[in-house]
Amino acid sequence: LTNVIDQVLAGANQSNFTITFYTTESNAIAGTNAIETPEAYENTSVGQTIYVRVYNNEKGCYATTSFQLEINDVPEVNTPVTLHQCDTNTDGVTVFNLEEAIPYLPTNANTYTYTFYRTEEGALNQINSTKINTPTAFTNNNTNTVYVTVKNSLGCYNVAEIQLVASTSQIPSNYQTTIEVCDSDSDGDDTNGIEYFNLTSVTNNILALFSNSSNLEVTYYTTEADALAETNAIHATNYLNSSSPYSQWLYVRIDDATNNSCFGLKRCVHLKVNKLPNFQVTSPQIICLNQTPKTITAQNATDTYAYEWYGPDGSLISSNSYAQAYTAGDYTVVATTTSTGCQKTETITLTASNIATITNIAIKDATYNNTITVIAEGEGTYEYSLDGETYQASPVFSNLDGGTYTVYVRDTNGCGI
């Protein structure tokens with residue numbers, strides 16, 4: 001009852017007053033039959049009224065007030081609760097996530113707060129020295145039993161026992177599997193060793209190890225700590241290995257869905273991203289139709305690959321690192337790493353060019369401005385000269401002296417004169 005003294009005095013100095021408690025108002029007024037042990041009073045009825053007499057020691061006067069005792073129920077809990085965890089090295093010691101017991105303790109589990117303790121006395125009396133500060137990663141070094149207080153919003157609490165059971169992993173000791181994929185640009189870069197993985201086939205293979213797997217659930221983790229705590233499980237059908245390019249090991253955890261007991265835990269899934277063939281091509285390029293065939297090549301290859309070249313019509317034209325081209329168009333090369341089957345495709349675009357065909361030469365002479373105009377046709381881009389040394393883009397030559405001239409037409413793409 002003495003917990004209400006500060007509220008009754010409203011900040012006044014307690015040493016100036018004598019506070020006594022009574023079960024009736026008349027006794028409070030008379031100052032008789034005060035409750036002898038207000039620090040440990042046991043109520044006699046629900047909603048009982050307690051009367052308080054506040055006597056002023058200096059002035060010799062008093063006042064009375066009252067309050068009601070409200071009895072709130074403590075949370076109902078299931079006890080004991082058993083947590084099963086996998087023991088990865090059969091020494092009986094492992095790491096438990098004690099918070100996994102919460103759904104099995106009371107109903108409406110989210111409406112309470114939970115504090116875990118090493119001893120029952122510590123839980124009953126909320127002794128900080130016995131408090132478990134990291135309940136999501138508790139190692140059962142010296143005990144297989146811990147305790148938890150379940151407290152409601154009014155501060156009322158109950159204590160439950162949690163029994164810890166470490167069981168040997170049922171995944172065969174020699175089991176491991178590797179999933180290999182080829183790097184791609186699915187993540188925006190086909191050279192970084194980061195790729196998406198779908199682990200559905202692995203899950204099916206793991207479940208097939210057990211004769212009765214209908215109640216088993218398989219989850220995957222990047223660390224053993226996460227697997228033990230059942231936190232940060234990866235997305236099993238769309239996992240991106242961004243934290244460990246090219247090669248990563250995953251931990252598999254198998255739980256019995258009926259009681260969340262650990263059935264198996266093992267580092268046994270290897271994710272491997274194989275590099276694509278590494279080479280370059282030059283594109284676009286010019287093909288001189290008067291100088292065919294043109295050799296096109298895969299350049300700067302960092303390994304030995306199998307090649308397939310396809311022409312503009314889609315037909316296979318070469319199985320070497322190079323191909324011979326006779327026409328303009330798009331040529332495709334597919335390089336394959338024979339050990340992994342990874343492929344990379346590149347395209348070379350060939351644009352046609354050719355030497356010019358002079359169809360006419362128009363001469364205007366016997367004037368103050370003698371001119372020669374060259375009329376040429378062909379697939380190329382041309383430049384013109386009257387001496388074979390100095391070329392111009394225009395086919396018209398002006399202000400010429402009288403005489404004999406030789407006309408040169410040169411392809412700017414290097415296909416000849």
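Predicted model: local features only at pLDDT ≥ 70, side-chain atom pairs only at ≥ 80, totals over all residues.
Student: What makes strand E2 and strand E3 (residues 62-68) count as a pair?
Tutor: Two strands pair if DSSP finds at least two bridges between them. E2 and E3 are joined by seven bridges, so they pair under that rule, and they run antiparallel. A strand here (E) is a DSSP run of at least two residues, numbered from the N terminus. Residues are numbered from 1 along each chain as its sequence is written, and side-chain values use heavy atoms, with hydrogens and water left out.

Student: Which residue stands opposite Ile50 in E3?
Tutor: That's Phe67. Between the strands of this hairpin there are five residues, and Gly60 takes a positive phi near 75°.

Student: What joins E1 (residues 17-22) to E2?
Tutor: Six bridges, and those strands run antiparallel too. For instance, the bridge partner of Phe21 in E2 is Val52.

Student: Why is strand E2 (residues 49-56) called largely enclosed?
Tutor: Buried means under 20% relative accessible area, exposed means over 50%, and partly exposed is in between (1.4 Å probe, protein chains only). Six of the eight residues of E2 are buried, so the rest of the structure largely encloses this strand.

Student: How do you know that Cys86 and Cys262 form a disulfide?
Tutor: The cut-off is a pair of cysteine sulfur atoms within 2.5 Å. Here S to S is 1.9 Å, so the pair passes. Cys86 lies in strand E4 (residues 81-87) and Cys262 in strand E15 (residues 261-274), so the bond ties together parts that are 176 residues apart in sequence. By the same rule, the count comes to three disulfides.

Student: Why is the disulfide of Cys86 and Cys262 called left-handed?
Tutor: The torsion about its S-S bond is about -100°, so it gets that label.

Student: What about Cys182 and Cys342: buried, partly exposed or exposed?
Tutor: Cys182 has 30% relative accessibility, so it counts as partly exposed. Cys342 has a relative accessible area of 0%, so it is buried. A disulfide joins Cys182 to Cys342, with S to S at 2.1 Å.

Student: Why is Cys288 called buried?
Tutor: Its relative accessibility is 11%, so it falls on the buried side of the cut-off. Its disulfide partner is Cys415, with S to S at 1.9 Å. Cys415 is buried as well, at 1%.

Key:
Helix = DSSP H or I, 4+ residues; strand = E, 2+ residues; numbered from the N terminus.
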